[in-house]
Amino acid sequence: MLTVESFWRDESDALKGINSVYSALNRGSSYYNRGMHFLYLLRSDEGFGSGGDIGLNNNMSFAFTSNNTSADAWNAIFHANFRANQVILNVPQIAMNETVKKRIIAEAKFLRALNYFNLVVFWGRPPLVLTPLTATDYPANATPEQVYAQIVQDLSEAAADLPVSYSGADIGRVTKGAAHGLLAKAYLQQGKFSEAKTAMDWLVTGEGAGNYALMENYADNFKQTAENNRESVYEIQYKENAAENGDDDTNPGISLNTGASVPKFLAPPNPGPGYADGGARRWIVDSFEEERTIDDRRDPRAAVSFLYDNADERGPAFTMVYGQVWQAIYGGNDKRVWFRKLLNDDSKSGESFSSPNNYRMIRYADILLMYAECLNELGQTATAYPYVDRVRSRVNMRTLTVAKPGLDQSAFRQQIKKERLLELAGEGWRYFDMVRWGELSNNLNTLRQRDPDFNNFVPGKHEWYPIPQSDIDNSANLTQNPGY
């Protein structure tokens with residue numbers, strides 16, 4: 001029987017250990033296999049619980065009554081964190097190639113930082129667990145500042161030891177660029193614009209800049225056929241397993257699901273291929289109508305980001321949904337909207353529980369827009385324009401330099417909010433942006449107009465989820481979040 005003491009012996013064990021951390025991102029239905037996408041998409045003003053899962057609908061409309069709401073996601077994250085901690089603790093003691101050793105530890109630190117990045121935004125005060133827990137450990141809450149400090153430390157150390165790129169079967173592992181990108185997000189979430197810019201310098205103006213560029217075709221960022229492309233800074237890797245019959249990677253008796261089940265739950269409903277548990281709000285697709293391309297067409301990102309009646313500008317009689325005409329399936333007056341970027345409708349007639357389409361977590365376009373935001377906040381608005389211009393030009397929109405020259409800092413800040421909404425729609429960053437821009441406290445009336453779910457939002461409470469009551473009950477050192 002394998003034990004911790006007998007396992008961590010050689011390089012093969014180290015590789016198995018770090019691979020298990022990646023696997024934990026997709027283990028079960030509550031992390032990147034499915035549930036985390038619901039938190040990313042439906043908790044923001046982009047989306048809402050739209051299907052028959054009443055518990056999910058109440059969760060996403062701030063109408064939940066249980067303090068164990070989203071406890072499954074919390075548990076899945078800490079499961080992944082436990083594995084990362086084992087790698088960080090045990091791999092340094094293994095006699096093996098030093099370069100590979102440092103890389104594996106750096107990968108684990110990135111993944112631990114990613115886990116805590118999710119925890120601090122959604123739960124605010126998670127316990128800071130940096131070693132494998134034992135049955136007698138009862139960690140206390142950390143402050144958000146302490147959590148961010150650890151995220152920064154992990155990512156800074158990881159960036160030093162990660163490679164710029166990989167080849168062969170290792171493509172998809174964490175790179176130096178991914179560490180810089182997530183580090184920038186951690187700083188930006190705290191309003192530390194100078195530090196965030198410095199983290200991105202490597203990607204935008206420094207030695208790493210030559211490794212990244214925007215794809216010519218925006219849609220290629222969301223197709224299985226163009227995964228891990230030059231615009232990809234970090235992707236969660238999926239692989240279809242048609243024979244899968246379970247998600248628990250600790251069960252040797254199953255054919256493991258190495259794909260994602262979330263497309264099945266986001267795809268349009270009967271007679272469509274999905275359960276439609278999460279829908280998008282109509283105001284977002286209307287936002288794409290506010291500015292035309294250079295050749296007087298609608299912003300092409302609308303139809304790439306969403307499935308809806310007018311995804312084809314000619315209307316529901318021309319809009320295609322998994323090879324069928326929208327009007328024939330849903331009629332000409334159905335105004336529902338579905339998130340598209342995680343789906344496979346470009347290549348499949350339906351969805352399974354094992355999607356092969358990677359989740360593009362950090363794209364280079366996101367980096368360029370964050371870089372422009374930092375420059376603007378640092379009083380360098382004119383210098384920020386070219387980075388937004390690159391993103392707009394790719395989809396044939398007039399450059400911001402031409403469309404809106406001479407914006408002051410405040411106006412440019414509002415423009416960046418619009419640019420991020422349109423470029424990154426349905427990719428999971430909207431809620432993070434809303435939190436760091438103070439939208440939940442300063443713009444709640446607008447959120448309520450866009451998304452009726454926010455009528456239930458209680459300031460001072462719903463910014464964070466409750467710490468799962470089951471964990472509170474089991475530990476005298478954990479205290480509950482405000483309002484619960």
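Q: Serine 70 first: buried or exposed?
A: Buried, because its relative accessibility is 14% and the cut-off for buried is under 20%. Bear in mind that this is a predicted model.

Q: Where does serine 70 sit?
A: In the loop between helix 4 (54-60) and helix 5 (71-90).

Q: OK, tyrosine 322 next. What about its phi?
A: Tyrosine 322 isn't a glycine either, and its phi is positive, about 50 degrees. You'll find tyrosine 322 in the loop between strand 5 (320-321) and strand 6 (324-325).

Q: Is that tyrosine 322 side buried or exposed?
A: Tyrosine 322 counts as buried, at 5% relative accessibility.

Q: Switching topic: which residues does the cis peptide bond join?
A: Asparagine 270 and proline 271, with omega at about 10 degrees. Proline 271 is in the loop between helix 10 (262-266) and strand 3 (278-280).

Q: What does UniProt place at residues 67-188?
A: The unreviewed entry has "domain: SusD-like N-terminal" there. In the model, that span is 62% helix and 0% strand, and its end C-alpha atoms lie 29 Å apart.

Q: Which element has the lowest mean?
A: Helix 1 (residues 4-7), with a mean pLDDT of 81, while helix 14 (residues 364-377) has the highest, 99.

Note on methods. Residues numbered from 1 in each chain as written. Predicted model: local features only at pLDDT ≥ 70, side-chain atom pairs only at ≥ 80, totals over all residues. Heavy atoms only, no water. UniProt positions renumbered as here; feature names shortened; annotations may be inferred. Helix = DSSP H or I, 4+ residues; strand = E, 2+ residues; numbered from the N terminus. pLDDT = per-residue confidence, 0-100. Buried < 20%, exposed > 50% of the residue type's maximum accessible area, 1.4 Å probe, protein only.
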